[in-house]
Amino acid sequence: MANEKPWRDIIAVSALEKGWVTRVEIGPRKLAIYDTPSGIFASLALCNHGGADLCDGYFDGHVIECPLHQGAFDVRDGMPFGAPATKPMRVFETRVTNGMVQVRM
């Protein structure tokens, strides 16, 4: 498809913090890359509620908790399920190719 966004190499799988969150900067954009039991997921690194860096939050399985107000999000689809967060966080489609995490941005 002509309007489909291209895949971008983001980070080597071997460079990820195993079972945790890894911060990656792509130009001015900061991403959080999550190594979960069911695969690798990506979101914007800043919480859409208070602007805190999600990479500094508590991560468990598929849930990232904001370090500022403890709002929680499912990293697979961005859906909030812990107040005060009410809006889904911005997530990106990911895949692993040739040992690299790729994100469609």
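Modeller: Before we start, a definition: strands are DSSP runs of E, at least two residues long, and they are numbered from the N terminus.

Biologist: What is the average pLDDT of the chain?

Modeller: The average is 93, and 97% of the residues score at least 70. Where pLDDT is low, the predicted coordinates should not be read in detail.

Biologist: Which elements have the lowest and the highest mean pLDDT?

Modeller: Strand β8, residues 80–82, has the lowest mean among the elements, at 85. Strand β4, residues 39–44, has the highest, at 98.

Biologist: Back to Lys5. Is Lys5 buried, partly exposed or exposed?

Modeller: The cut-offs come first: under 20% relative accessible area is buried, over 50% is exposed, and anything in between is partly exposed. Lys5 has 45%, so it counts as partly exposed. Along the chain Lys5 is 100 residues from Met105, yet their C-alpha atoms are separated by 6.4 Å.

Biologist: How many salt bridges does the count come to?

Modeller: The count is 6, where a bridge needs a side-chain nitrogen of Lys or Arg within 4 Å of a carboxyl oxygen of Asp or Glu. One of them joins Lys18 and Asp35, with 3.7 Å between the closest N and O atoms. This pair links distant parts of the chain, as Lys18 sits in the loop between β1 and β2 (21–26) and Asp35 in strand β3, 17 residues apart.

Biologist: Of those two partners, is Lys18 buried or exposed?

Modeller: Lys18 is exposed, because its relative accessible area is 75%. Asp35 has 12%, so Asp35 counts as buried.

Biologist: What is the N to O distance between Asp56 and Arg23?

Modeller: Their side chains meet in a salt bridge at 3.2 Å. Asp56 lies in the loop between β4 and β5 (58–60) and Arg23 in strand β2, so this bridge ties together parts that are 33 residues apart in sequence. Asp56 is exposed at 53%, while Arg23 is partly exposed at 38%.

Biologist: Which residue does Arg76 meet in a salt bridge?

Modeller: The partner is Asp74, at 2.8 Å from N to O. Arg76 is partly exposed, with 43%, and Asp74 is buried, with 13%. A further case is a network: salt bridges with shared partners join Glu4, Glu93 and Arg104.

Biologist: Now the backbone. Which residue other than glycine has a phi near 65 degrees?

Modeller: That is Gln70, where phi is positive. Gln70 lies in the loop between β6 (63–65) and β7 (72–74) and is partly exposed at 41%. Asn98, also not a glycine, has a positive phi of about 50 degrees. The loop between β9 and β10 (100–104) holds Asn98, which is exposed at 77%.

Biologist: Where does Thr86 lie?

Modeller: Thr86 is in the loop between β8 and β9 (91–97). Its relative accessible area is 68%, so Thr86 is exposed. Gly71 is 15 residues from Thr86 in sequence and 8.4 Å from it in space, C-alpha to C-alpha.

Definitions and conventions: Residues numbered from 1 in each chain as written. Predicted model: local features only at pLDDT ≥ 70, side-chain atom pairs only at ≥ 80, totals over all residues. Heavy atoms only, no water. pLDDT = per-residue confidence, 0-100. Helix = DSSP H or I, 4+ residues; strand = E, 2+ residues; numbered from the N terminus. Buried < 20%, exposed > 50% of the residue type's maximum accessible area, 1.4 Å probe, protein only.
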